[in-house]
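Trainee: I have a new model open and would like to walk through it. Can we take it one topic at a time?

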Amino acid sequence: MSAIITAHNVSRQFLSGKDTIYALKGINMEVEKGKLTILKGRSGSGKTTLMNLFGALDKPTSGDIFFDDINITKLSERQCDKLRRQNIGFVFQSVALISMMSAYENIEFGLRVAGYDARKRKERSEECLKLVGLGKRMHHRPSEMSGGEQQRVAVARAMAHKPQIVFADEPTAELDTHMGLQIVKLFKDLVISEGITVIMTTHDAGMMEVADKIFTLEDGEIVDER
């Protein structure tokens with residue numbers, strides 16, 4: 001399997017007053033295509049910082065990150081924006097759905113932003129909602145849905161434009177264990193059915209059994225991989 005993400009000696013530092021905070025220290029790793037990879041670690045371990053670098057939302061202080069053989073650390077902000085729009089999907093802890101739009105409208109709007117073929121937006125929006133088990137709820141607004149259903153809409157929106165990779169930052173943190181496991185299994189199903197790559201952060205040990213690969217971070221360093 002070829003790598004979709006490769007990190008070479010990646011570090012990220014932040015200034016806090018006169019102090020330097022070392023969020024990441026010399027990260028070297030590869031993420032395989034078509035797999036569900038989990039970045040595991042306690043709060044403050046560096047997993048979200050690493051995901052933001054991989055998703056071209058931030059740049060490392062030093063080192064290089066390759067996204068499908070493109071060195072994204074050398075891209076301009078405009079080039080990063082295009083990469084995110086066309087090749088990447090994001091799912092956040094707060095689902096960030098547009099409250100006045102139905103589930104269908106949220107996804108269709110996301111496809112519009114991504115520049116998806118206008119003739120295929122309706123079909124793709126409906127297809128994605130059916131994939132996440134919400135075919136009968138597509139015209140409901142977020143306020144009419146449970147937390148788990150809202151997160152399913154967020155997942156459908158993230159993968160609707162057929163990105164190469166979806167990043168999910170603590171997507172189960174606001175859900176109970178049963179619903180959280182359902183969301184992780186949904187990611188695994190989408191990896192298989194849609195052929196996408198998923199990178200997810202979590203500190204919940206109960207989610208690990210579904211992952212293809214797990215990297216454990218501690219104090220900005222990878223301390224284990226399996």
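Trainee: By class, how many residues in the lining of the largest cavity are nonpolar, polar and charged?
Mentor: This is a predicted model, to begin with. The lining of the largest cavity has six nonpolar residues, one polar and two charged.

Trainee: Which residues line the largest cavity?
Mentor: Leu53, Ala56, Asp58, Lys59, Pro60, Ile65, Ile72, Thr73 and Cys80.

Trainee: And what volume does the largest cavity have?
Mentor: About 30 Å³. The structure holds one cavity of 30 Å³ or more.

Trainee: Back to Cys80. Is Cys80 buried or exposed?
Mentor: Cys80 is buried, because its relative accessible area is 2%, and buried means under 20%. Cys128 is buried too, with a relative accessible area of 0%.

Trainee: OK, pockets now. What is the volume of the largest pocket?
Mentor: The largest pocket has a volume of about 450 Å³. Its lining is made of 20 residues, and Phe90, Gly110, Val113, Arg157 and His161 are the ones nearest the centre.

Trainee: How does the lining of the largest pocket divide into nonpolar, polar and charged?
Mentor: There are 12 nonpolar residues, four polar and four charged.

Trainee: Which element gives the most to that lining?
Mentor: Helix 3, with six residues. Helix 2 (77-87), strand 6 (88-91), helix 3 (103-113) and helix 5 (147-159) each supply at least two.

Trainee: Stay on helix 3. Which of the residues of helix 3 are buried?
Mentor: Ala103, Tyr104, Asn106, Ile107, Glu108 and Leu111. Helix 4 (121-131) and helix 5 are among what covers them.

Trainee: What does the backbone do just after helix 3?
Mentor: Gly115 sits there and takes a positive phi of about 75°.

Trainee: Last one. Where is Ser11 found?
Mentor: In strand 1, which covers residues 3-16. Ser11 counts as buried because its relative accessible area, 13%, is under 20%.

Trainee: What does Ser11 touch?
Mentor: Leaving out residues up to four places away in sequence, Ser11 touches Leu24, Lys25, Gly26, Pro60, Thr61 and Ser62. As for Gly26, its backbone nitrogen lies 2.9 Å from a polar atom of the Ser11 side chain.

Technical notes
Residues numbered from 1 in each chain as written. Predicted model: local features only at pLDDT ≥ 70, side-chain atom pairs only at ≥ 80, totals over all residues. Heavy atoms only, no water. Buried < 20%, exposed > 50% of the residue type's maximum accessible area, 1.4 Å probe, protein only. 1 Å grid on protein atoms, 1.4 Å probe; cavity = no way out; pocket = protein on both sides within 12 Å on 5 of 7 lines; lining within 4 Å. Points joined across faces, edges and corners; volume = space filled by probe spheres on them. Helix = DSSP H or I, 4+ residues; strand = E, 2+ residues; numbered from the N terminus. Nonpolar A, V, L, I, M, F, W, Y, C, P; charged D, E, K, R; others polar. Polar contact = N/O pair within 3.5 Å; in protein donor to acceptor, adjacent residues only side chain to side chain. Contact = heavy atoms within 4.5 Å.
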